[in-house]
Amino acid sequence: MKPIKIGLLGLGTVGGGVVTVLTRNAHEIARRAGREVIISHAAAKEYDAGAIEGLDRIDRITDDGFAVVNDPEVEIVIELIGGYSPAKELVLQAIENNKHVVTANKAMIAVHGNEIFSAAQERGVTVAFEASAAAGFPVIKAIREGLAANRIHWLAGIINGTGNFILTEMRDKGRDFAEVLKEAQELGYAEADPTFDVEGIDAAHKLTILGSIAFGIPLQFEKTYTEGISGIERQDVAYADELGYRIKHLGISRRTDAGIELRVHPTLIPARRLIANVDGVMNAVLVQCDAAGPTLYYGAGAGSLPTASSIVADVIDAVRALTTDPENRVPHLAFQPDAMSDLAVLDMADISTAYYLRMQAVDRPGVMSAVTTILGNLGISIEAIIQKEPEAGAGHVPVIMLTQRVQERNMNEAIRQIEALDTIAGNVHRIRVETLD
Ligand code: HSE
């Protein structure tokens, strides 16, 4: 059979990895796909020719992405330029030209995926996006296909490597936030705009995608609650340790009677959980289902070759799908487009979880009882309290509390009332707690 011709948009870290993997493993890939896979046309504004193994095998390299998506010889387009625009326009043009698309672009899928999938559906082509979440391991395929028999209850994932690296280094080496972030940027893990990593936006893009394929709901990035790790202090990491917990930046999606939770925030989880021990830049996703029970997926969440691994696997799937009936392919979001659910995404005030609270209290009798009275009046039970020795010369003592599960609306009100006490200095720091059992 004739080789299949690929158009590649982007020759950066991930694009270079794709060229390398397709070159290095060409024989294995052809044995799996049933045809040789070659990149015939690539587009990049700039690239480091000396750093890409196999670049000499590409027939044409241009700086015009539209030349690639309009090339009649190209059957599959790999989009690796990232961001919203012109990535979206290029992908829609490729679909318009009846080409299959493989992308690692989580921002584009999370925000424009509904429109893109609907266009692909009309044209009978596939848009594959395995590398868009937990880039180096096939968690999308696992949820969408491997767990297709199950009713999924919830999933929770460490889905931003940069954030996990920062939290791990803060805990293990007592390093400062800013210094570790700089290292993550130098290692090539961080997004072009690192606020996407530290403020949780990157993780929210990925969670939006995972929540959709788990529950068959449309992509709703704008409804995903997003909180980053920039407010986490070294003392929180140490107190969490003392209480038997680790702080992880989690994306959580859960089915409840009232609707679907989609939330990204720092979370205390028991240190004994496997996922609590996923450190450094590694990612992991824990999925709880009715039939399979808990399953855990672990691996690299970023990096040139791990991301290329998922992209090339998607290309192989696309090659195999070329001769199949479009009606009988795996649906983009796991559920048939006409069987998507309109379950509401819950407002954060409506979710229930346990909490870690840290506050600075004046060291005098009666302070603690004022705080516990506020919590008690709002139906919030306390699980544990630690009061630290005042530091020499300081008029305040740190008080740390763990509460039982309560609706976030009530906790918001409790925090408002506690912060209004003249015996409490500054803000109450709140981190949500999940037992993941
Ligand atoms: N900036 C992302 C991360 C890259 O750190 O996980 C992979 O999506």
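This is a predicted model: local features need pLDDT of at least 70, side-chain atom pairs count only at pLDDT 80 or more; totals for chains, interfaces and linings use all residues.
Let me begin with a definition: a residue counts as buried when its relative accessible area is under 20%, as exposed when that area is over 50%, and as partly exposed in between, with a 1.4 Å probe and protein chains only. By that definition leucine 80, at 16% relative accessibility, counts as buried.

Residues are numbered from 1 along each chain as its sequence is written, and side-chain values use heavy atoms, with hydrogens and water left out.

Now the chain as a whole. It has 14 helices and 17 strands, where helices (H or I, at least four residues) and strands (E, at least two) are DSSP runs numbered from the N terminus. The radius of gyration is 24 Å, close to the 22 Å that the globule rule gives for 437 residues, so the chain is as compact as a globular protein of that length; here the radius is taken over C-alpha atoms, and the rule is 2.2 Å times the number of residues to the power 0.38. Along its principal axes, the C-alpha trace spans about 85 × 45 × 35 Å.

Of the 437 residues, 54% count as buried. If we take contact to mean heavy atoms within 4.5 Å, then among contacts between residues at least 6 apart in sequence, 73% join residues at least 24 apart. The chain exposes about 18,300 Å², of which carbon and sulfur atoms supply 48%, the areas coming from the Shrake-Rupley method with a 1.4 Å probe, and for residues only the protein chains shown count as cover.

As for charge, there are 40 positive and 58 negative side chains, and the centres of the two sets lie 4 Å apart. Lys and Arg count as positive and Asp and Glu as negative, with His and the chain ends not counted, and each charge is placed at NZ of Lys, CZ of Arg, CG of Asp or CD of Glu.

Let me return to leucine 80, which lies in the loop between strand E4 and helix H4. Which residues does leucine 80 contact, leaving aside its neighbours within four places in sequence? They are Leu8, Leu9, Gly10, Val14, Gly15, Val18, Ala104 and Ile311. Valine 371, by contrast, is 291 residues along the chain from leucine 80, and their C-alpha atoms are separated by 52 Å.

The loop between E4 (76-79) and H4 also holds proline 86, and a cis peptide bond, with omega of about 15°, joins serine 85 to proline 86. Most residues other than glycine have a negative phi, and most peptide bonds are trans.

Helix H4 itself covers residues 87-96 and includes glutamine 93, which is partly exposed with a relative accessible area of 26%. Beyond four places in sequence, glutamine 93 is in contact with Phe66, Val69 and Asn70. A polar contact of 3.1 Å joins its side chain to that of asparagine 70, a polar contact being a pair of N or O atoms within 3.5 Å; within protein, one atom must be able to donate a hydrogen and the other to accept it, and residues adjacent in sequence count only if both atoms are side-chain atoms.

Asparagine 98 has a positive phi of about 65° although it is not a glycine, and at 43% relative accessibility it counts as partly exposed. Alanine 334 also has a positive phi, near 75°, and is found in the loop between helix H12 (304-321) and strand E13 (352-362).

Within helix H12 we find alanine 308. Is alanine 308 buried or exposed? At 0% relative accessibility, alanine 308 counts as buried, and it touches Gly17, Val18 and Val21, not counting residues up to four places away in sequence.

I will finish with threonine 423, whose place is in the loop between helix H14 (408-420) and strand E17 (424-433). Threonine 423 counts as buried, at 9% relative accessibility, and touches Gln360, Ala361, Val362, Arg364 and Val367, again not counting residues up to four places away in sequence.
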